[in-house]
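Trainee: I would like to learn how to read a structure step by step, beginning with the overall picture and then turning to particular side chains. Could we go through one together?

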Amino acid sequence: MTVPVRVGVALVLLAVAASAAAQPSEVEALTAWTHRLSAALHTDQRAHLWRVGAWGLANAVGGAALVLASDRETQPGRWAFGLQSGAWGVVNVGIAAVGLAGGPDAPVADWAAAFAAENGYADVLLVNLGLNVGYMAVGGTLLAVAGRGVPTPDAWRGHGAALVLQGAGLLVLDAVAYLGTRERLGSLVEIASRAELGASAAGVRLVVGL
């Protein structure tokens, strides 16, 4: 007979299956699959950091050039846009540099560790996606109030436009990374659903299901 087990128990059962499965070749295949997915996560994390760093560098250089080429008194909008873009660029370059210097841990073949790492990465990206929408909302608000009697409205528009651009750019980058992590999470869940434990010679087996 087969006994379906929920995901909450799956972590324990997969650890047992790896050491006591009746078909070691299948377990080895699932372990290798898990390791490949873990390696893909680490490759994707580094690629994402490189993309964020490139985006940040472009903004840092472009923003600095715009500030230097603009007069704050006569061109407050351009100057504000350059300042805001340059500041965001420096921050993003710093984040990418720290992440790349530290580097991710080595890929793992343990399903529980691989799933925890992938799920944690997906959660971080979800938070970032929400923050990106928030940046765009703040920028849109600055643009909206720029014509309501505030001092130096052009500067407000410059800061607002730069925030909208930063939020949109980071939203695209994080969304690309999130789509990748969702695909790998689906593959890890499929591995869990296929793991089987041969419990006895009588043919009783335990199936890890969802």
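Mentor: In this predicted model, buried residues make up 35% of the 210 residues in the protein chain. The accessible surface of the chain comes to about 11200 Å², and 68% of that surface belongs to carbon and sulfur atoms.

Trainee: How many helices and strands does the protein chain have, and in what order do the elements run from the N terminus on?

Mentor: The secondary structure comes to five helices and three strands, and, read from the N terminus on, the order is β-α-α-α-α-α-β-β.

Trainee: Let us turn to charged side chains. How many salt bridges does the count come to?

Mentor: The general idea is that side chains of opposite charge can pair when their charged atoms come close. Here the count comes to three salt bridges. In one of them Arg 184 pairs with Asp 44, with the closest N and O atoms 3.5 Å apart. That pair links distant parts of the chain, for Arg 184 belongs to helix 5 (residues 153-194) and Asp 44 to helix 2 (residues 24-69), 140 residues apart. Both Arg 184 and Asp 44 are buried.

Trainee: Which other residue forms a salt bridge with Arg 184, and how far apart are the closest N and O atoms?

Mentor: Arg 184 also forms a salt bridge with Glu 118, and there the closest N and O atoms are 2.8 Å apart. Because Arg 184 lies in helix 5 and Glu 118 in helix 4 (residues 111-145), this pair ties together parts that are 66 residues apart in sequence. Glu 118 is buried, as is Arg 184, whose relative accessible area is 9%.

Trainee: What does Arg 184 touch, if residues up to four places away in sequence are not counted?

Mentor: With those set aside, Arg 184 touches Leu 37, Ala 40, Leu 41, Asp 44, Glu 118 and Tyr 121.

Trainee: Helix 4 has come up already. What span should its residues have, and what is the distance between its end C-alpha atoms?

Mentor: At 1.5 Å a residue, the 35 residues of helix 4 should span 51 Å, and its end C-alpha atoms are 51 Å apart, which agrees. At the start of this helix, a side-chain oxygen of Asp 110 reaches to within 3.4 Å of the backbone nitrogen of Ala 112. Buried residues in helix 4 include Trp 111, Glu 118, Tyr 121, Leu 125, Asn 132 and Gly 139.

Trainee: How should I read aromatic rings, and how many aromatic pairs does a search of the whole structure find?

Mentor: A pair of aromatic rings is described by the distance of the centres and the angle of the planes. A search of the whole structure finds two aromatic pairs. In one of them the rings of Trp 88 and Tyr 135 have their centres 4.8 Å apart and their planes at 65°, so the pair is edge-to-face. Since Trp 88 lies in helix 3 (residues 76-102) and Tyr 135 in helix 4, the pair ties together parts that are 47 residues apart in sequence. Trp 88 counts as buried at 17% relative accessibility, whereas Tyr 135, at 25%, counts as partly exposed.

Trainee: What are the distance and the angle for Trp 111 and Phe 115?

Mentor: Trp 111 and Phe 115 form a stacked pair, 5.0 Å centre to centre with 15° between the planes. Being four residues apart in helix 4, they are separated by about one helical turn. Trp 111 is buried, with a relative accessible area of 7%, while Phe 115 counts as partly exposed at 21% relative accessibility.

Key. Residues are numbered from 1 along each chain as its sequence is written. This is a predicted model: local features need pLDDT of at least 70, side-chain atom pairs count only at pLDDT 80 or more; totals for chains, interfaces and linings use all residues. Side-chain values use heavy atoms; hydrogens and water are left out. A salt bridge is a side-chain nitrogen of Lys or Arg within 4 Å of a carboxyl oxygen of Asp or Glu. Helices (H or I, at least four residues) and strands (E, at least two) are DSSP runs, numbered from the N terminus. Buried means under 20% relative accessible area, exposed over 50%, partly exposed in between (1.4 Å probe, protein chains only). The expected span of a helix is 1.5 Å times one less than its number of residues. A polar contact is a pair of N or O atoms within 3.5 Å; within protein, one must be able to donate a hydrogen and the other to accept it, and residues adjacent in sequence count only if both atoms are side-chain atoms. Rings of Phe, Tyr and Trp (its six-membered ring) pair if their centres lie within 6.5 Å; planes under 30 degrees apart count as stacked, over 60 as edge-to-face and the rest as tilted. Contact means heavy atoms within 4.5 Å. Accessible areas come from the Shrake-Rupley method with a 1.4 Å probe; for residues, only the protein chains shown count as cover.
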